[in-house]
Amino acid sequence: MTKPSLPDLLHAAVTAVGGTERPGQAAMAEAVAEAVDDNSHLLVQAGTGTGKSLGYLVPALAHGERVVVATATLALQRQLVERDLPRTVDALHPLLRRRPQFAMLKGRSNYLCLHRLHEGVPQDEEEGLFDQFEAAAPSSKLGQDLLRLRDWSDETESGDRDDLTPGVSDRAWAQVSVSSRECLGASKCAYGAECFAELAREQAKLADVVVTNHALLAIDAIEGAPVLPQHEVLIVDEAHELVSRVTGVATGELTPSQVNRAVRRAAKLVNEKAADALQTASEGFERVMELALPGRLEEVPEDLNYALLALRDAARTVISALGATRDKSVQDEDAVRKQALASVETIHGVAERITQGSEYDVVWYERHDRFGASLRVAPLSVSGLLREKLFTERSVVLTSATLKLGGDFNGVGASLGLAPEGTTGDDLPQWKGLDVGSPFDYPRQGILYVARHLATPGREASRTDMLEELAELVEAAGGRTLGLFSSMRAAQAAAEELRGRLDKPILLQGEETLGELIKNFAADPETCLFGTLSLWQGVDVPGASCQLVVMDRIPFPRPDDPLMSARQKAVEEAGGNGFMAVAATHAALLMAQGAGRLVRATGDKGVVAVLDPRLANARYGSYLRASLPDFWYTTDRNQARRSLAAIDAAAKADGK
């Protein structure tokens, strides 16, 4: 029998999901198939509405080797596993003459731990374990959550936190889950045979397609202990997020409360001398941290270095001693010891990393109003790590609606450890970039308006002219506005100002859950939704409820951001343009994601308004504009208002 052609397979899959075939999707599928067959790498930009999930799933399933798909957001993971994959597999089965299996795999702490649920949680201050169900008042929110979790444990097949609706608080979930370091291991655990996390791993080993997240992909790459099953193809969706997710996983943190918790956990399990040494080291670290001022530590100060060396040595002694002690009074000693060991190993690892002082690490203090000071260490760059761990073993496809910045893929490629496209060399991964465009007619559907007449935003100045402009634009649009602000303070100030001025409902991030806010925003066209950078992704509101997207300023990293400024400085010392490589690339990605909220369907129309004149006036403005969808561009404020009023009138005439 002849092998089915890729166009036939794609047609069957698109029909099955009720979609429309798009030229960009077909071009993407062909390019993915080619990269997989050649064992090469591909960066593919696929605009909103292209149908990129099928653009990579169909050629991957047709190839027949195991594929790992890593995404950044929970929403896309669910869409793949609950909608796209079941329908696609059903549609391709008759053509492929086989039924590919698929599975979802997440980090261990995402699954309910039956040992924790039934045996209790190791208690910090006292010996043994305590029953969290007894400890929490049944009438309290925590108590209600825990009782619901106990009931749910009898009916769930996955034990996956995300399958529990409505969800529970982080505090409640922490009582019934463990990290991979705290886990006893299936062979030592009384509940190992029923373990949800182990079941998910076993299913992943049998699956042709494993859907996971960027964080687990990073853990798999960094920690050297394979979490994901062997695979021949890796597809990274929402790939613009990958560098920040990998950086997050590779970042270490120490806080006085975290160290104190480790001391308490270990105290009953080791000899008095070892416990006292860790307690003394903990107190020394706490004294140093009381004086910590936020900012980068180019060199580790002597007093901090001394405190960290003491912590490192005391932690090492405790780790050795933990293996030898048996305290008959401690209930379920294995679980208590495992949790204590996990806490102390983390402290040892971070203290050792900072005292070793790698030139490839950035160390800084942070201070939080509520949680006090923390000491953090992160890699200066993850590009070398990604090049070595990601691109050597398998074919990699990276895709997103925003990968091409300033006209090419090289900026994003460099952050992933890739040399400029077309560069050849023995140890250089070969890759190509492809922009398959978008099904939307951006110049006809949207306007990019830059408020050139406004004052350049300063760091702390109250922007009365910007708020005035914002109010006029929202008024002209009849509401229908998504406001994306560079800080929570700016979002709050704008919401407060406009609530006093306009007779329009203004929703503000933080006043409700994000899901609830988006639902309410979509339901009423007159409503506006204001929030920060975290809103810039994941808001998908097609139609008349979102016809104006406002950005208050270009979202450059804060000048005092220790990691970004260190990365910028490193590029400059190597002879490059640090501002363009780091700050402008960061801003371009966020702005492209923000502008992408406007046009989500072929009938959508509206305006993206940037209330920062630097986008029109500064030399880097053209680079940032070239990273945005190809909207019709204007700096004429009257034109922007007239267009918004006309779009509003048309929507009202349609009863929207």
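Visitor: Which residues are linked with R312 in a network of salt bridges?

Guide: R312 is joined by D313, R316 and E352 in that network. A salt bridge here is a side-chain nitrogen of Lys or Arg within 4 Å of a carboxyl oxygen of Asp or Glu. Bear in mind that this is a predicted model, where local features need pLDDT of at least 70, side-chain atom pairs count only at pLDDT 80 or more, and totals for chains, interfaces and linings use all residues. Residues are numbered from 1 along each chain as its sequence is written, and side-chain values use heavy atoms, with hydrogens and water left out.

Visitor: Thanks! How many salt bridges does a search of the whole structure find?

Guide: The search finds 37.

Visitor: What does R480 pair with?

Guide: R480 forms a salt bridge with D648, and their closest N and O atoms are 2.9 Å apart. R480 sits in the loop between α19 (464-477) and β15 (481-484), while D648 belongs to helix α26 (residues 637-653), so the pair ties together parts that are 168 residues apart in sequence. Helices (H or I, at least four residues) and strands (E, at least two) are DSSP runs, numbered from the N terminus.

Visitor: And are R480 and D648 buried or exposed?

Guide: Both R480 and D648 are buried. Buried means under 20% relative accessible area, exposed means over 50%, and partly exposed is in between, using a 1.4 Å probe and protein chains only.

Visitor: Where do E82 and R78 lie?

Guide: Both are in helix α4 (residues 74-96), four residues apart, about one turn of the helix. E82 is exposed, with a relative accessible area of 51%, whereas R78 is partly exposed at 24%.

Visitor: What about R161, which residue is its salt bridge with?

Guide: That one is D170, with the closest N and O atoms 2.8 Å apart. R161 is partly exposed, having a relative accessible area of 23%, and D170 is exposed at 58%.

Visitor: Changing topic: which residues of helix α21 are buried?

Guide: In α21 (residues 514-523), the buried ones are L517, I518 and F521. Seen down the helix axis, they fall within an arc of 95 degrees, so they line one face of α21. The arc is that of the directions from the helix axis to the C-beta atoms.

Visitor: What do those buried residues pack against?

Guide: They pack against β15, β16 (506-508) and β17 (528-531), where contact means heavy atoms within 4.5 Å. On the other side of α21, G515, K519 and A523 are exposed.

Visitor: How many cavities of 30 Å³ or more does the structure hold?

Guide: There are two. On a 1 Å grid over the protein atoms alone, a cavity is a set of points where a 1.4 Å probe fits but cannot get out, and lining residues have an atom within 4 Å of a point. Grid points are joined across faces, edges and corners, and a volume is the space filled by probe spheres set on the points.

Visitor: What lines the largest cavity?

Guide: Its lining has 24 residues, of which C113, H115, V178, C183 and L184 lie nearest the centre. The cavity holds about 260 Å³ of space. The largest share of its lining, three residues, comes from α5.

Visitor: And which residues line the second largest cavity?

Guide: A60, L61, G64, E65, R98, P100, D208 and V209 line the second largest cavity, which holds about 40 Å³ of space.

Notes: On a 1 Å grid over the protein atoms alone, a cavity is a set of points where a 1.4 Å probe fits but cannot get out, and a pocket is an open set with protein on both sides within 12 Å along at least five of seven lines; lining residues have an atom within 4 Å of a point.
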